[in-house]
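Visitor: I have just opened this one and would like a walk through it. Can we start with the terms?

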Amino acid sequence: MRDYVILTDSCCDLTAEMAAELGVEILPLSLQMGGSVYYNYLDGRDIGFQDFYARIRSGELATTSAANVGEAEEAMRAILKTGKDILSISFSSALSTTFQSTVIAAEELKSEFPEAKILTVDSLCASLGQGLFVYLCAQEQKKGKTIEEVKAYAEEIRPHLCHWFTVDDLNHLKRGGRISAATALFGTMLSIKPVMHVDDQGRLIPVSKARGRKASLTALVDKMAETAIDPEHQTVFISHGDCLEDARFVADEVRRRLGVKNVHINYVGPVIGNHSGPGTMALFFLGKER
């Protein structure tokens, strides 16, 4: 059996250290800001996370780009040249064309590497939801599971990978077409915070509303309490848009209320953070359903 590498993209929002520990390869997505192009490396070498959010708060605008076929091919070819197969796990196809790029790249590389397996998975996940998905697959890989077995495992757990999040500033969702201008205006005036999730098709869906920031953070934990499978024995991921204290509050609540022992916190990276904005808070875990 040939060895294989899990390849994912930088929208997974894992720390660079965790990705290295897992042996996961990263395909960076990019953004344009202030006339420059920055790649969303996990270690923030092109644009630091705090720097990015400070610039967004100051009113700078950015545009983001999916990985194209050429970039996906380049990343895959580098792995295939080492004699290893690839399990590619991508950012939700409902939010980006990155998955389609990896599918096309895999097909185009078949003739160049006829002996190789290049399997592609649409995670239907985002941010550290994708990160948790990749983390769980990497744990199966470490157990000695084959590439086909890990792909089957990924497809089995995908409907159970819960994403619950809220934002502090509705105007970022308005710019991205997620909510109407009127909803953003009145929500801001009344301090209404949306409670949203990523559904079974990998789309961002508003589910409910909370009055005030604290209530919205508590609502995320409430959702986990309703649906989580055996939370005491889960690894839970939390991502934040430069609001670490709020992330720590949510982490403390899932520990206190649900007995969770393993919690990992990291930034929402700039590619996703450009659309969700500063103050985004997101909670990821396995549940009975999304």
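Guide: Helices (H or I, at least four residues) and strands (E, at least two) are DSSP runs, numbered from the N terminus. This is a predicted model, where local features need pLDDT of at least 70 and side-chain atom pairs count only at pLDDT 80 or more, while totals for chains, interfaces and linings use all residues. Residues are numbered from 1 along each chain as its sequence is written, and side-chain values use heavy atoms, with hydrogens and water left out.

Visitor: Ok. Where is Met33 found?

Guide: Met33 is in strand S3, residues 30-33.

Visitor: Does Met33 count as buried or exposed?

Guide: Met33 counts as buried, because its relative accessibility is 1%. Buried means under 20% relative accessible area, exposed over 50%, and partly exposed in between (1.4 Å probe, protein chains only).

Visitor: And what does Met33 touch?

Guide: Leaving out residues up to four places away in sequence, Met33 touches Tyr38, Ile47, Phe52, Arg55, Ile56, Glu60, Leu61 and Ala62. Contact means heavy atoms within 4.5 Å.

Visitor: How far apart are Met33 and Glu253?

Guide: They are 220 residues apart in sequence and 36 Å apart in space, C-alpha to C-alpha.

Visitor: Back to Phe52. Which residues of helix H2 are buried?

Guide: In H2, residues 49-57, the buried ones are Phe49, Phe52, Tyr53, Arg55 and Ile56. Seen down the axis of H2, these buried residues fall within an arc of 160°, so they line one face of the helix. The arc is that of the directions from the helix axis to the C-beta atoms. Just after H2, Gly59 takes a positive phi of about 105°.

Visitor: Which residues other than glycine have a positive phi?

Guide: Among them are Asp13, with phi near 55°, and Asp242, with phi near 60°. Most residues other than glycine have a negative phi. Asp13 is in the loop between S1 and H1, and at 4% relative accessibility it counts as buried. Asp242 is in the loop between S11 and helix H10 (244-258).

Visitor: New topic, the open sheet. What is the strand order?

Guide: The open sheet has six strands in the order S10-S9-S8-S13-S11-S12, with mixed pairing. Strand S10 (204-211) and strand S12 (262-267) are at the edges with a single partner strand each, so one side of each has no neighbour in the sheet. The twist averages 20° from one strand to the next.

Visitor: What counts as a pair there?

Guide: Two strands pair if DSSP finds at least two bridges between them. Strand S11 (residues 235-240) and S12 pair in the parallel sense over six bridges. Val236 has Val263 in S12 as its bridge partner.

Visitor: What about S6, how is it paired?

Guide: S1 and S6 run parallel and are joined by five bridges, with Ile86 in S6 as the bridge partner of Val5. S6 also pairs with strand S7 (residues 118-122) in the parallel sense, over five bridges. Ser90 stands opposite Asp122 in S7.

Visitor: How many residues of S6 are buried?

Guide: Six of its six. On one side these are Asp85, Leu87 and Ile89, and on the other Ile86, Ser88 and Ser90.

Visitor: How many residues does the largest nonpolar core have?

Guide: It has 34 residues, and those with the most contacts inside it are Ile6, Leu14, Ile89, Phe133, Leu136 and Phe237. A nonpolar core is a set of buried Ala, Val, Leu, Ile, Met, Phe, Trp, Tyr and Cys residues joined through side-chain atoms within 4.5 Å. H5 gives the largest share of this core, eight residues. A second, separate core of 33 residues includes Val5, Cys11, Leu27 and Val268.

Visitor: How do H5 and H6 pack?

Guide: They pack at an angle of about 145°, with their axes 10 Å apart. Axes are lines fitted to C-alpha atoms, for helices over the stretch in contact, and angles run from 0 to 180 degrees between N-to-C directions. Phe133, Leu136, Cys137, Glu140 and Gln141 in H5 meet Val150, Tyr153, Ala154 and Ile157 in H6.

Visitor: What else is Gln141 in contact with?

Guide: Setting aside neighbours within four places in sequence, Gln141 is in contact with Tyr4, Val5, Ile6, Leu22 and Val150. At 17% relative accessibility, Gln141 counts as buried.
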